[in-house]
Amino acid sequence: MSSTRVLARALPAALTALLVAGGTPVRVAAQPAATGNAPYPARCGAYVSGSDVGRFVPLPRGDLWCPLIADPKAIRSFVSYQRGDAADFARNVAAVGIADQFAFFRIAGARAGDGIQLGVSAAVFAQFDLDAPSFDLLNADYLIGIPITWRRGGFSGRARVYHQSSHLGDELLLRPDRPERENLSFESAELLLSQDVGPLRVYGGGEYFFNRTPADLADRLAHAGAEYRSRGGARVGSIGSARLVAAVDVKVVDNSTWRTGVSARAGVEVGRAREGAVPGRRWQLLGEFYDGPSPYGQFVRSTIRLVGVGFHFTL
């Protein structure tokens, strides 16, 4: 037998002996799988290091909950062009979101990817009238929340308490045909549960609104949806890997009568061709459709249909 073959066989055994020397086991982080073979949370960017298994981890990176693709109020940064049809809203709209989240701690489970996490998240969602000479600000929604997220295999959940306040733009208030301003704010207790099934994900839950101003705002909401992320990705030169994504998000709100909002998005998501120890951020180019009660705070009493296209960015 050649010396090269002997070395090839002896080296793994020698490394193993070094790792357990002195009776002290050493954990080695698992190498990330190729994105095409990875489970759903790895494809969506959810992250738990293999070296964190069974540990309390302060100030961890990432999250255990995959962000919702089609939810108009998902915590993400984005810029979209939307074409609207509501009489009291703009016809051509630029919608912008700026968001971030920060994890305080994570208690990792016995299996890589499992655990429970506590953090804080915040976002500002604003809409601008592209037909106005100065692109007037129409509405701005401010959200801040405390989410608890968890995952066990393909099952995950998010429980969150958050505050939202909404404000009309100054330029809009100066118009002669300005809409009536409301001092609109509320708190919400939300619970969402999700199950991954291969390339598919289904989720459902609801919210209870309290401390509502004005008092006749809806007090509850049912929320469900489904998503598809293709298993494999197509290489795009040195840019990374692109995969198909599609989602439908449905919210039914109780506001004297039940009103249903349907949001659908589909397009491509671009990330690294092969993830490193910490998943990279992704961006999405999505076609967008929405029909139902306006998702924009000061126009919540209106019914609106929006069609557009947007760039979305993971946190």
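Modeller: Let us begin with the classes of residue around the largest cavity, whose lining has 16 nonpolar, 6 polar and 9 charged residues. Here Ala, Val, Leu, Ile, Met, Phe, Trp, Tyr, Cys and Pro count as nonpolar, Asp, Glu, Lys and Arg as charged, and the others, Gly among them, as polar. This is a predicted model, in which local features need pLDDT of at least 70 and side-chain atom pairs count only at pLDDT 80 or more, while totals for chains, interfaces and linings use all residues. Residues are numbered from 1 along each chain as its sequence is written, and side-chain values use heavy atoms, with hydrogens and water left out.

Colleague: What is a cavity, and what are its lining residues?

Modeller: On a 1 Å grid over the protein atoms alone, a cavity is a set of points where a 1.4 Å probe fits but cannot get out, and lining residues have an atom within 4 Å of a point. In this model there are 3 cavities of 30 Å³ or more.

Colleague: What volume does the largest cavity have, and which residues lie nearest its centre?

Modeller: Its volume, the space filled by probe spheres set on grid points joined across faces, edges and corners, is about 560 Å³. Of its 31 lining residues, Phe209, Leu221, Ser294, Pro295 and Val300 lie nearest the centre.

Colleague: Which residues are closest to the centre of the second largest cavity?

Modeller: That cavity holds about 180 Å³ of space, and among its 20 lining residues the closest to the centre are Pro72, Gln82, Arg265, Glu288 and Tyr296. By class, its lining has 11 nonpolar, 6 polar and 3 charged residues.

Technical notes. On a 1 Å grid over the protein atoms alone, a cavity is a set of points where a 1.4 Å probe fits but cannot get out, and a pocket is an open set with protein on both sides within 12 Å along at least five of seven lines; lining residues have an atom within 4 Å of a point.
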